[in-house]
Amino acid sequence: MSKLDTFERVKEAGIIPAIRTSDRSEAIKAAEAIRTGGIPIIEVSLAPPNALDVLDSIAAALSGSMLIGAGTVVDAEGVRQAALAGARFIVTPGFSAEAVAKAKEFGLAIFAGAMTPTEVQTASAAGVDAVKLFPCFATGGVRYLKALRGQYPHVEFIASGGIGLDNCEEYIRAGACAIGVGGEIADFESMAAGSFGVLTVRAKRLREAIRNARGLRESLSFNIGEGR
């Protein structure tokens with residue numbers, strides 16, 4: 001799969017659910033629950049201990065039915081290790097030119113973290129597939145995304161940080177091509193308790209909210225066009 005195909009699948013789903021765990025069995029069950037909820041994408045955070053083993057296990061078990069990526073990647077070595085463990089996309093919390101170059105070397109899509117206009121420009125010039133606007137809750141949220149979209153209309157933005165069921169539609173309507181979520185779907189408590197059905201319910205609700213937001217945005221665009 002090319003990195004373009006990977007990004008198109010991310011945009012189609014509109015959601016990148018992230019999980020953080022050191023338990024391989026727990027991670028696989030969480031990913032399966034999210035897939036059952038209608039989101040065939042999972043981001044495995046590399047922050048916890050044993051994260052590469054978790055990523056490798058999920059890729060071995062589910063790469064045929066899910067798009068699997070690595071998150072919290074901070075440098076080129078992290079990209080290399082994630083690629084060898086089976087990741088098809090990379091998500092970074094901040095911008096690293098070396099990480100972007102390494103992702104290109106491995107043919108992986110990369111969504112690089114940025115917050116300021118300068119960081120957005122730097123990431124875009126480096127050739128990232130999308131800018132991960134992070135952390136959204138600390139930047140002015142939807143209003144800030146709209147302001148950046150006005151200045152950088154050709155940049156694809158993935159909104160992340162403090163986004164859940166109550167506000168995800170606003171970000172999609174503001175122009176985000178996708179949202180990133182963590183505990184809003186896969187929280188530590190539910191996974192530790194083995195309550196994976198909760199993850200499925202949350203995934204379904206978020207996926208439906210994204211669809212609703214896109215339907216509204218398309219409807220508004222159509223109506224505006226008709227009025228010209």
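Buried here means under 20% relative accessible area. The model shown is predicted.

**View 1. Surroundings of D187.** D187 sits in the loop that links β8 (178-181) to α9 (188-192). With a relative accessible area of 13%, D187 falls under the cut-off and is therefore buried. Two polar contacts of the D187 side chain are shown. One, at 2.7 Å, is to the side chain of S190. The other, at 2.4 Å, is to the side chain of R202.

**View 2. The buried side of helix α4.** Helix α4 spans residues 76-84, and A76, G78, V79, A82 and A83 are buried in it. These residues lie on the same side of α4 because they cover an arc of only 155 degrees around the axis. Among the elements that cover them are the helices α3 (51-62) and α5 (97-106). The strands β3 (67-71) and β4 (89-91) are also included in this cover. Just after α4 comes G86, which has a positive phi of about 110 degrees.

**View 3. Strand β6, covered on both faces.** Side chains in a regular strand alternate between the two faces of the sheet. In β6 (residues 130-133), A130 and K132 are buried on one side. V131 and L133 are buried on the other.

View 4. Four bridges pair β6 with strand β5 (residues 109-114) in the parallel sense. Within this pairing, V131 of β6 is the bridge partner of A112. Between β5 and β6 the chain passes through helix α6 (residues 117-126), in a right-handed β-α-β crossover. Strand β7 (residues 157-160) also runs parallel to β6, joined to it by three bridges. Here L133 has A159 of β7 as its bridge partner. The chain gets from β6 to β7 by way of helix α7 (residues 141-151), and this β-α-β crossover is likewise right-handed.

View 5. A disulfide is a covalent bond between the sulfur atoms of two cysteines. The cut-off for the pair of sulfur atoms is 2.5 Å, and the count of disulfides comes to zero. For C136, the closest cysteine sulfur is that of C177, and at 12 Å it is too far for a bond. C168 is in no disulfide either, since its nearest cysteine sulfur, in C136, is 12 Å away. C136 is buried, with a relative accessible area of 0%. C168 also counts as buried, at 0% relative accessibility.

Key: Residues are numbered from 1 along each chain as its sequence is written. This is a predicted model: local features need pLDDT of at least 70, side-chain atom pairs count only at pLDDT 80 or more; totals for chains, interfaces and linings use all residues. Side-chain values use heavy atoms; hydrogens and water are left out. Helices (H or I, at least four residues) and strands (E, at least two) are DSSP runs, numbered from the N terminus. Buried means under 20% relative accessible area, exposed over 50%, partly exposed in between (1.4 Å probe, protein chains only). A polar contact is a pair of N or O atoms within 3.5 Å; within protein, one must be able to donate a hydrogen and the other to accept it, and residues adjacent in sequence count only if both atoms are side-chain atoms. The arc is that of the directions from the helix axis to the C-beta atoms. Contact means heavy atoms within 4.5 Å. Two strands pair if DSSP finds at least two bridges between them. A crossover is right-handed if, with the strands pointing away from the viewer, the path from the first strand over the helix to the second runs clockwise.
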